[in-house]
Amino acid sequence: MAVATITTLLGNQGDPVEYTVAAGTAIPKGTLMKISSSPQTAAAATADGDFFAGIAATEKTTTDGVTKMSCITHCIAEMTAGTGATTFGQPQKISAANAVIDADDDTVAKAAEVVGLSLETVADGDAGAVLVNL
Amino acid sequence: MADEAVNITLLGNQGDPVEYIIATGDAAAVGTLMQISSSPKTISATDGASQIFAGILAEEKTATDGKTKVACWTHCLADLTCGAAETMVLGGTVMTGAVANEVDVATDSTVEGQAMVVGIAQETVGNNGTGTVLINVGKRR
């Protein structure tokens with residue numbers, strides 16, 4: 001799936017939060033990130049149930065030696081709809097790498113899995129606006 | 001319309017305004033509580049309980065000004081009117097009310113839906129009283 005495209009930074013320049021990332025991983029800018037381990041370590045989100053950390057604010061390659069990355073936590077972003085419903089007004093969750101679908105009650109109860117609020121209804125594979133506010 | 005939000009304190013970056021689409025013939029005053037009424041990103045004035053809250057209208061919209069885009073504040077403190085026979089309680093969540101621009105106490109299903117939450121009451125007021133609400137649209141809780 002295509003990475004997210006941030007269209008509007010909200011808060012203070014998108015309220016970036018710095019996380020630790022593994023040095024050897026490649027992370028394109030705009031990747032939907034998850035909190036993968038303690039303390040404050042992030043990786044690309046890949047599946048339902050991931051704890052959403054934000055959107056990668058910078059490019060990371062496998063060889064750049066970078067071990068810290070900022071994630072945007074307050075913005076409007078175009079995200080790709082995964083397989084399943086993506087409906088305006090519904091909280092969204094990760095469904096696959098860089099893909100979101102409507103969250104279920106269980107996801108909402110575990111607030112950390114919520115990616116944001118969908119602002120439009122889109123078909124599977126299409127991009128739609130999501131309000132992110134972690 | 002009556003009961004628009006007043007005494008608005010902008011938080012975040014100037015209230016974190018978000019631009020939405022609006023029908024060109026709609027009319028609404030500054031401070032109107034707005035709902036996301038259709039896809040994509042289209043809003044109208046709230047007019048019933050448990051609607052998807054978009055924010056507080058940040059600019060005047062008349063039926064003849066030709067505008068099709070307006071901004072809503074999404075992060076602020078605002079004085080809102082509590083619905084009749086309702087009591088919003090300090091620390092409790094409120095949702096769009098049965099009457100335009102009023103808020104009612106949020107139900108469990110509203111809170112689970114998240115998008116229907118207008119904000120968190122900063123004081124206890126009831127029965128058409130006016131109280132401060134912390135608004136932060138889209139904030140996961």
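**Entry 1. Positive phi**

The scale I used takes C-beta atoms placed from the backbone: 20 or more others within 10 Å makes a residue buried, 12 or fewer makes it exposed, and anything in between is partly exposed. The model is predicted; local features need pLDDT of at least 70, side-chain atom pairs count only at pLDDT 80 or more, and totals for chains, interfaces and linings use all residues. I number residues from 1 along each chain as its sequence is written, with chains lettered from A and ligands numbered from 1 in the order in which they are written.

A:Gln13 sits in the loop between strand S1 (5-9) and strand S2 (17-20) of chain A. Strands here are DSSP runs of E of at least two residues, helices are runs of H or I of at least four, and both are numbered from the N terminus. The phi of A:Gln13 is near 55 degrees, positive although the residue is not glycine. Most residues other than glycine have a negative phi, and most peptide bonds are trans.

I then checked B:Ser50, a residue other than glycine with a positive phi near 60 degrees. B:Ser50 belongs to the loop between S4 and S5 of chain B. B:Ser50 counts as partly exposed because 18 other C-beta atoms lie within 10 Å.

**Entry 2. Cis peptide bonds**

In chain A I noted a cis peptide bond between A:Ser38 and A:Pro39, with omega about 0 degrees. A:Pro39 is placed in the loop between strand S3 (32-37) and strand S4 (41-44) of chain A.

In chain B the bond from B:Ser39 to B:Pro40 is cis, and its omega is near -5 degrees. I located B:Pro40 in the loop between S3 and strand S4 (42-45) of chain B.

**Entry 3. Chain A overall**

I counted 1 helix and 11 strands in chain A. Their order along the sequence is β-β-β-β-β-β-β-β-β-α-β-β. The radius of gyration of chain A is 14 Å, close to the 14 Å that the globule rule gives for 134 residues, so chain A is as compact as a globular protein of that length. That radius is taken over C-alpha atoms, and the rule is 2.2 Å times the number of residues to the power 0.38.

Along the principal axes, the C-alpha atoms of chain A fill a box of roughly 40 × 30 × 25 Å. Of the 134 residues in chain A, 51% are buried. Among contacts in chain A with a separation of 6 or more, 57% are between residues 24 or more positions apart. A contact requires C-beta atoms, placed from the backbone, within 7 Å of each other.

**Entry 4. Domains of chain B**

I took the domain bounds from an automatic or database assignment; chain B is given domain 1 (15-73) and domain 2 (76-136). Their C-alpha centres are 19 Å apart. I found 15 residues of domain 1 of chain B in contact with 15 residues of domain 2 of chain B. On the domain 1 side, strand S3 (33-38) and strand S5 (53-57) of chain B each supply at least two of the touching residues. That side divides into 7 nonpolar, 7 polar and 1 charged. The classes are nonpolar for Ala, Val, Leu, Ile, Met, Phe, Trp, Tyr, Cys and Pro, charged for Asp, Glu, Lys and Arg, and polar for the others, Gly among them.

**Entry 5. Strand S10 of chain B**

I traced the pairing of strand S10 (residues 102-105) of chain B with strand S7 (residues 75-82) of chain B: they run parallel, with 2 bridges. Pairing needs at least two DSSP bridges between the strands.

Strand S9 (residues 93-96) of chain B pairs with S10(B) in the antiparallel sense over 3 bridges. Here B:Val103 is the bridge partner of B:Thr96. The hairpin of S9(B) and S10(B) has 5 residues between the strands, and B:Asn101 in this hairpin has a positive phi near 70 degrees.

I found 18 residues of chain B in contact with 23 residues of chain A. The chain B side has 6 nonpolar, 6 polar and 6 charged residues.

I looked up B:Gly138 in the segment after strand S13 (130-136) of chain B. B:Gly138 is buried because 29 other C-beta atoms lie within 10 Å. Setting aside neighbours within four places in sequence, B:Gly138 is in contact with A:Gly116, A:Leu117, A:Leu131 and A:Asn133. The C-alpha atoms of B:Gly138 and B:Ala115 are 6.5 Å apart, and the two residues are 23 apart along the chain.

Technical notes:
Two residues are in contact if their C-beta atoms, placed from the backbone, lie within 7 Å.
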